[in-house]
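Here are some friendly notes to read alongside the model.

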Amino acid sequence: MKINYSEIKSLVIITVGMAIYCFSWAAFLIPSGIIGGGVSGIGTLIYFASAKAIPVGYSYFIINAFLILIALKILGSKFGVKTVFAIIVGSVLLSVLPKLIPEPLVNEKFMAAIIGGALAGIGVGITISQGGSSGGTDIIAMIINKYKNISPGRIILYLDIFIIASSYIVFKDVPTIVYGYVVMSITAYAIDMVISGSKQSAQLFIISTEFEKIANEITGTMNRGVSVMDATGWYSKENKKILMVVVRKHEAPSIFKLVKQIDGNAFISMGSVMGVYGLGFEEIRG
């Protein structure tokens, strides 16, 4: 049986992402009495409404398990195994961590909202970047989106607004709602930053007399495609070859190092690319 190390690595990263997400709730939001969005927010509401008798992890698992069963029936193969894995990891951590962290790590509620929201967004962003999800409102959005032409992002936003506003029923306190919306905004921003950062690409044009060696090294050692284009230097009137390479932004320094080792006089132009779709990058969606 062949071991898929890529999938194992992906699951490990998802575990790290969910650990960060659950830590943000256990160390900052739950002990500070702040209600964020998603199923974690619902779980926190139930936790305080039950006088702390029902742990957040239990509610998180039960609600997500119910949603998973519905999603499997409605969405079928579109529903990912990695999301199920992330939910299981989240349920375990949200059951354990709050017991280990009974008091918030910061006493100032506004700071707890900012730090908790940022960490939650980073954790979810890492999980999403690996094809997983923290479940909850994401699942509801996918189900509704199948029948109604409403963007999942808008559905999640409406659900989170409703969940946070519902905290008034338990706390009878407007500032708690405001803190919840602060968490929601910062979490959304952090998720976008992590996801866009992990998917940023760079397009490089390389001009060198050693273009064949450079192209062979890029395709051989970095497993990236190279396009060779004919060009004429207008000043020198010489025919040249230009290599065009598209890589993830974090791979660009390796390209520079590789080119320098082969031809220290090579000319390289690099530009950021908004989106790259196809083999080795993002899937083309119709």
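1. Let's begin with a pair of helices: the axes of α3 and helix α6 (residues 137–147) come within 10 Å and cross at roughly 30°. Axes here are lines fitted to C-alpha atoms, for helices over the stretch in contact, and angles run from 0 to 180 degrees between N-to-C directions. α3 and α6 are therefore roughly parallel to each other (under 35 degrees counts as roughly parallel, over 145 as roughly antiparallel, 65 to 115 as roughly perpendicular and the rest as oblique). Their crossing is left-handed, a term used if the near helix is turned anticlockwise from the far one by less than a right angle; clockwise gives right-handed.

2. A word on the source: this is a predicted model, where local features need pLDDT of at least 70, side-chain atom pairs count only at pLDDT 80 or more, and totals for chains, interfaces and linings use all residues. Residues are numbered from 1 along each chain as its sequence is written, and side-chain values use heavy atoms, with hydrogens and water left out. Helices (H or I, at least four residues) and strands (E, at least two) are DSSP runs, numbered from the N terminus.

3. Which residues of α3 meet α6? They are Asn-64, Leu-67, Ile-68, Ile-70, Ala-71 and Ile-74, and their partners in α6 are Ile-139, Ile-140, Ile-143, Lys-146 and Tyr-147; contact means heavy atoms within 4.5 Å. By class, this contact of α3 with α6 has nine nonpolar residues, one polar and one charged (Ala, Val, Leu, Ile, Met, Phe, Trp, Tyr, Cys and Pro count as nonpolar, Asp, Glu, Lys and Arg as charged, and the others, Gly among them, as polar).

4. Helix α3 (residues 56–74) also packs with helix α4 (residues 81–100), at an angle of about 160° and with the axes 7 Å apart. That angle makes α3 roughly antiparallel to α4. Asn-64 and Ile-68 of α3 are among the residues that meet α4, and they also belong to the contact with α6. On the α4 side, the residues include Val-84, Gly-90 and Leu-94. The contact of α3 with α4 has eight nonpolar, five polar and no charged residues.

5. Now find helix α1 (residues 5–29) and helix α5 (residues 109–129), whose axes come within 7 Å and cross at roughly 165°. Are they parallel or antiparallel? The angle makes α1 roughly antiparallel to α5. Among the residues making the contact are Gly-17, Trp-25 and Phe-28 of α1, and Gly-116, Gly-117 and Gly-123 of α5. This contact of α1 with α5 counts 16 nonpolar, six polar and no charged residues.

6. Val-16 sits in helix α1 and is partly exposed, at a relative accessible area of 45% (buried means under 20%, exposed over 50%, partly exposed in between, with a 1.4 Å probe and protein chains only). Val-16 and Thr-127 are 111 residues apart along the chain, yet their C-alpha atoms are separated by 8.1 Å.

7. Finally, look at two lysines in loops. Lys-172, in the loop between α8 (167–171) and α9, has phi near 50°, a positive value in a residue other than glycine. Lys-237 lies in the loop between β2 (226–232) and β3 (239–248), and its phi, near 60°, is positive too. Are these residues buried or exposed? Lys-172 is exposed at 58% relative accessibility, and Lys-237 is exposed at 52%.
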